[in-house]
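Let's take a walk through this protein model together. Have the sequence and the 3D view at hand as you read.

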Amino acid sequence: MWWLKDVWVIDPSQKISAPRHVLIKDGIVLDVSASMTEEEVLSKAQGEAVEEIDGKGKFAFPGLIDVHTHLREPGQEDKEDILSGSRAAVRGGFTTILAMANTLPPIDNRALVEFVRRQGERAGYAHILPIGTVTKGMQGSELVEMADMKAGGAAAFSDDGKNIQNAEVMRLALEYAKITGFPIISHCEDKNLAGEGLMRRGVASGRMGLKGIPASAESVIVARDLILAEETGGKLHLAHISSAESVELIRRAKAKGVDVTAEVNPHHLIFCDEEIGITDTALKVNPPLGSQADREALIEGLRDGIIDMIATDHAPHTQAEKARPFAEAPFGINALETALSAVWQYLVLPGRLSLDRVIEAWSLSPARRFGQQGGTLKPGAVADMVLFDPDFSEVIEPAKLASKARNTPFLGKTMEGFPVMVWVEGRLVQRDRTVI
Ligand code: DOR
Ligand code: ZN
């Protein structure tokens, strides 16, 4: 049994943000109380050994749930696999991962869904929940068998990275989503508007002489999908929203009662297009980093609940790929192991976001939207939990990363504020940033 003493508990599901004692036993949260005596704890332990942890100056919260992670297995295991990605997850404080469907081959049938699930269980760290594609082969034309894939363990559906360009196919997908009860996750990008762009179109892209992707490439599809969600009544989840205009469109749709949720990536909250240098391929992401005004609108949208969730879009790539010239390097950022610390340092410490809101947006909100366990420390809940130490510092070095990939903008930097203990179903899987 675990006894966390005098720890600051953040549990938005119970509206707790206060010093508490936490007991974990037999894989579940046994108790969260303002005070606890040794006798009480011993009587609850019923003879089991008690591991005491001094939680002073630290935070405990439900394990983070990342709804947008690329684990690359099957097919691109040189970038990442389910085991390395699961280890990276628990280093970063994530106890549940929704694994994106754009693997090779894409996860477009039940057998592949079951394969990803099994590999996740075999890895034995975070819970790995497969996202299935919306269309066969992610070709954007023929819908997959969603109900069958749900029966095999799919948690959501998305053609991420290959946004469905045909509005009728998207309409049908939202219609079918009502049968599964799961959201369709849309990576909003009009391929014609985006063209061969490399970064957000604007002053910075002009200065660098790089082809730009206009903000409208995203917002045109956001508008389309919101209209279709309203028309069908299907559940829509908008991935990695990156522009002020998208936030405004979502605000209006929510006011009308459209069944939509949205996520934002830490890198869009922290960086903007002006900060990209020609060799900074780690910051080459899709959707591209927006302007300073976009960044402000995203922070505000997350703060006031228009944006519901934070998600990493962890997109590992090999060093060789990211060492190519900017125009040729693939889009994507390696994020699982640094995301929470980055949000802590760049947004919570400067007072832009409260830690309570961050935890709500990264655990409770995803659990509710995707109908998954976790996101709560209510007594009886599965003990997926994080102990976060704001004073723990680490230099981000290649050798320390559990991920196979190195494409993080924080390489070589000293970061502060990390998860130092992580439990999955009551089992300690990470201590002091070492995976157990
Ligand atoms: O930056 C990105 N990388 N955005 C995506 O949508 C896809 C992802 C990938 O798969 O590498
Ligand atoms: Zn995407």
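Tyr176 is partly exposed, with a relative accessible area of 43%; partly exposed lies between buried, under 20%, and exposed, over 50% (1.4 Å probe, protein chains only). This is a predicted model, where local features need pLDDT of at least 70 and side-chain atom pairs count only at pLDDT 80 or more, while totals for chains, interfaces and linings use all residues. Residues are numbered from 1 along each chain as its sequence is written, chains are lettered from A and ligands numbered from 1 in the order written, and side-chain values use heavy atoms, leaving out hydrogens and water.

You will find Tyr176 in helix α5 (residues 167-180); helices (H or I, at least four residues) and strands (E, at least two) are DSSP runs numbered from the N terminus.

Now step back to the whole chain, which holds 14 helices and 19 strands. Of its 436 residues, 63% count as buried. The C-alpha atoms fill a box of roughly 65 × 45 × 40 Å along the principal axes.

Next, turn to strand β17 (residues 414-424), which runs antiparallel to strand β18 (residues 427-431) and is joined to it by four bridges; strands pair if DSSP finds at least two bridges between them. Met421 has Arg431 in β18 as its bridge partner. Two residues lie between these strands in a hairpin, and Glu425 in the turn has a positive phi of about 50°.

From β18, two bridges lead on to the antiparallel strand β19 (residues 434-435). Here Gln430 stands opposite Val435. This hairpin also has two residues between its strands, and Asp432 takes a positive phi near 50°.
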